[in-house]
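Biologist: Could you take me carefully through the surroundings of the ligand in this model? I am new to it and would like one connected account.

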Amino acid sequence: MGHILDIKIIPTSEEIVMEENDFIVSRTDVKGRISYGNEIFIRFSGFEEEDLIGQPHNIIRHPDMPRAVYRFMWQRLQAKQEFFGIVKNLCKSGAYYWTFASVKPSYQEGELNGYYSIRRKPSAEIVRTMTALYKQMIEEEARHSSSKASMDASFKLLTDLLAKQDISYDEFVYTHA
Ligand SMILES: Cc1cc2nc3c(=O)[nH]c(=O)nc-3n(C[C@H](O)[C@H](O)[C@H](O)COP(=O)(O)O)c2cc1C
């Protein structure tokens, strides 16, 4: 294993689109390393199952995703809450796919034993909105030298959009996704 992390994937403009009834499922251990992926998760990734298991979930991270989104995701999970989000992922080929993702902590006898995620096809409308917003967020992140300042400023673009629409983050994602 390990060695596949050394592969530098060059993102391309090829999009793979989820079908209406597709559910992409993955699980991780408490450290965010992939412990399970359903057949479609593996197919979309383009990796072999044995190459994915044990790898950090950021193996499919797309560079067009703002860091602030993942910081928010982990804040939610650490607060024992579910995270919803519109997530663009990277395939081994460099292609990408958009998902409407939910990520949740999983417990056994009250003890955290990992996390899991279920993703379905997002609406074309929210993909358009998030493509534009994430682009601005990434530009904002590049403008600051400290990591915290950059993520705070980036996340503010998202919260400002929500404030303008007078809607909570979850409502926003849910009603548009
Ligand atoms: C259950 C679960 C599912 C996740 N799914 C994804 C995913 O589909 N795509 C992704 O980029 N990150 C996903 N993550 C988040 C990654 O662990 C990581 O935080 C993120 O890719 C940012 O990586 P970075 O901090 O190295 O930039 C998931 C995490 C968990 C716990």
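How many residues of the shell around the ligand are nonpolar, how many polar and how many charged?

Modeller: This is a predicted model, in which local features need pLDDT of at least 70 and side-chain atom pairs count only at pLDDT 80 or more, while totals for chains, interfaces and linings use all residues. Residues are numbered from 1 along each chain as its sequence is written.

The shell holds seven nonpolar, seven polar and two charged residues, where Ala, Val, Leu, Ile, Met, Phe, Trp, Tyr, Cys and Pro count as nonpolar, Asp, Glu, Lys and Arg as charged, and the others, Gly among them, as polar. In total 16 residues surround the ligand, the closest being His57, Asn58, Arg61, Tyr115 and Ser117; a residue is near the ligand if its C-beta atom, placed from the backbone, lies within 6 Å of it. Two or more shell residues come from each of strand S1 (24-28), helix H3 (67-78), strand S3 (83-90) and strand S5 (111-120), and S5 gives the most, with three. These elements are DSSP runs numbered from the N terminus, helices (H or I) having at least four residues and strands (E) at least two.

The strands belong to an open, antiparallel sheet of five, ordered S2-S1-S5-S4-S3, where two strands pair if DSSP finds at least two bridges between them. Strand S2 (34-37) and S3 each have a single partner strand, so one side of each is left without a neighbour in the sheet. Strand S4 (residues 96-108) and S5 are joined antiparallel over nine bridges.
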